[in-house]
Amino acid sequence: MKAQLLTMSTPDGPFTIIARDGAVLSSGWTAGPGALTGQIHADLLPAGFETVTGLGAISEAVEAFYAGTPGPAMEVPVLQKSGPFRSHAWDVLRTVAPGHPVTYTEYAELSGNAKAVRAAASACAFNAAALFVPCHRVVRSDGSLGGFRWGLAVKERLLDREREFALAARP
């Protein structure tokens with residue numbers, strides 16, 4: 001089965017999305033699918049791609065994020081496959097509020113196992129659906145950024161932008 005491929009221009013650089021049946025398979029700040037396909041589980045890997053000019057609610061959620069409304073990205077269906085802890089941890093990431101990052105330790109606790117800090121970090125590292133599953137909202141316990149597949153400069157800008165969104169939304 002073919003998947004849809006869309007590359008959008010964002011303030012953080014090109015953002016490419018691979019989607020199928022209205023769900024994101026993989027996404028990230030890159031200009032092409034080659035950097036994204038390795039993160040897609042073999043059972044979900046599409047046979048090919050159809051380049052499109054829009055993805056409806058998916059691309060609208062990216063536009064909304066950059067316009068100051070990050071919420072719609074958390075409503076976009078995502079299709080990832082892994083073991084029970086990692087799959088649950090990805091769902092938990094979608095509940096972390098923009099502008100309020102958590103540490104890897106806090107993320108492990110939120111995911112149901114306070115001792116699973118490495119497993120929580122691994123869930124971030126193997127997250128294929130960047131932005132829609134906001135692994136950028138997890139930082140080290142000392143407040144430093146930690147890692148990010150798409151570069152620390154992008155992670156820092158995302159966190160800064162979300163902090164501004166959160167401040168602007170306060171009454």
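These legends accompany several close-up views of one predicted model.

Residues are numbered from 1 along each chain as its sequence is written. Local features need pLDDT of at least 70 and side-chain atom pairs count only at pLDDT 80 or more, while totals for chains, interfaces and linings use all residues; side-chain values use heavy atoms, with hydrogens and water left out.

**Figure 1**
Helices (H or I, at least four residues) and strands (E, at least two) are DSSP runs, numbered from the N terminus. Their order from the N terminus is β-β-β-α-β-α-α-β-α-α-β-α. The C-alpha trace spans about 40 × 35 × 25 Å along its principal axes.

Of the 171 residues, 49% are buried. Buried means under 20% relative accessible area, exposed over 50%, and partly exposed in between (1.4 Å probe, protein chains only). The chain exposes about 8200 Å², and carbon and sulfur atoms supply 54% of it. These areas come from the Shrake-Rupley method with a 1.4 Å probe; for residues, only the protein chains shown count as cover. Among contacts with a separation of 6 or more, 57% join residues 24 or more positions apart. Contact means heavy atoms within 4.5 Å. The chain has 15 positive and 15 negative charges, and their mean positions are 7 Å apart. Lys and Arg count as positive and Asp and Glu as negative; His and the chain ends are not counted. Each charge is placed at NZ of Lys, CZ of Arg, CG of Asp or CD of Glu.

**Figure 1. Helix α5 and its cover.**
Helix α5 covers residues 117-125. Its buried residues are A120, S122, A123 and C124. The cover over them includes α3 (84-93), α4 (104-110) and β6 (138-139).

A disulfide is a covalent bond between the sulfur atoms of two cysteines. Here the criterion is a pair of cysteine sulfur atoms within 2.5 Å. The structure holds zero disulfides. For C124, the closest cysteine sulfur belongs to C135, at 5.5 Å, too far for a bond. From the side of C135, the closest cysteine sulfur is in C124. C124 counts as buried because its relative accessible area is 9%. C135 is also buried, with a relative accessible area of 9%.

**Figure 2. S82, in the loop between α2 (57-66) and α3.**
S82 counts as partly exposed because its relative accessibility is 32%. Leaving out residues up to four places away in sequence, S82 touches S87 and W90. L93 is 11 residues from S82 in sequence, and their C-alpha atoms are 15 Å apart.

**Figure 3. S111, in the loop between α4 and α5.**
S111 has a relative accessible area of 5%, so this serine is buried. Its contacts, leaving aside neighbours within four places in sequence, are F85, H88, A89 and V92.

D21 is not a glycine, yet its phi is positive, at about 50°. D21 sits in the loop between β2 (13-20) and β3 (23-28). At 62% relative accessible area, D21 is exposed. L131 is another residue other than glycine with a positive phi, near 75°. L131 lies in the loop between α5 and β6. With a relative accessible area of 1%, L131 is buried.

**Figure 4. F132, in the loop between α5 and β6.**
F132 is buried, with a relative accessible area of 0%. Not counting residues up to four places away in sequence, F132 touches F15, I17, V24, S27, I58, A61, V62, A73, M74, V76, V78 and R94. G22 is 110 residues from F132 in sequence, with 13 Å between the two C-alpha atoms.
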